[in-house]
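Hi,

Here is the structure I promised to pass on.

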Amino acid sequence: MKKTLYILLLVCVGVVLGSLLAHFTASVPALSWLSFGLKFGLTSPLVLDLSFLVLTFGLTIDLNVAVVICLCLSLFIGLKAAHIK
């Protein structure tokens, strides 16, 4: 259980750091390639109206080069530091 939570934390840290890196380097000409990526998912949310309950479903994944790099680095460094195999 601890190992799963630790890996989930590493994934979240990698995704957040990668998103920040892509956002801040998008306007720098030499580093703009880090923000190159794909955005896919439900562009408009799916709404289920049951008159007493309204459920809205939506999922969009924004994947770019910086996120992939930071995710891999986060997992590699985190797992090496914790000696988890």
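Helix α1 takes up residues 2-25, and from its first C-alpha to its last it reaches 34 Å, close to the 34 Å expected for its 24 residues at 1.5 Å a residue. Keep in mind that this is a predicted model.

Which residues of α1 are buried? They are Leu10, Gly14, Gly18, Ala22 and Thr25. The cover over them includes strand β4 (60-64) and helix α2 (65-82).

Now for the helix pair. Two packed helices are described by the angle between their axes and the distance between the axes. For α1 and α2, the axes come within 7 Å and cross at roughly 145 degrees. The crossing of α1 past α2 is right-handed. On the α1 side, the contact is made by residues including Tyr6, Ile7, Leu10, Val11, Gly14, Gly18 and Ala22; on the α2 side, Ala66, Cys70, Leu71, Ser74, Gly78 and Ala82 are among them. By type, the contact residues of α1 and α2 come to 16 nonpolar and five polar, with no charged ones. Leu10, Gly14, Gly18 and Ala22 are among the buried residues of α1, and they also take part in the contact with α2.

One more residue to look at is Ile77, which sits in helix α2. Is Ile77 buried or exposed? Ile77 counts as exposed, because its relative accessibility is 53% and the cut-off for exposed is over 50%.

Cheers

Technical notes:
Residues numbered from 1 in each chain as written. Predicted model: local features only at pLDDT ≥ 70, side-chain atom pairs only at ≥ 80, totals over all residues. Heavy atoms only, no water. Helix = DSSP H or I, 4+ residues; strand = E, 2+ residues; numbered from the N terminus. Expected span 1.5 Å × (residues − 1). Buried < 20%, exposed > 50% of the residue type's maximum accessible area, 1.4 Å probe, protein only. Contact = heavy atoms within 4.5 Å. Axes fitted to C-alpha atoms, helices over the stretch in contact; angles between N-to-C directions. Left-handed = near helix turned anticlockwise from the far one by under 90°. Nonpolar A, V, L, I, M, F, W, Y, C, P; charged D, E, K, R; others polar.
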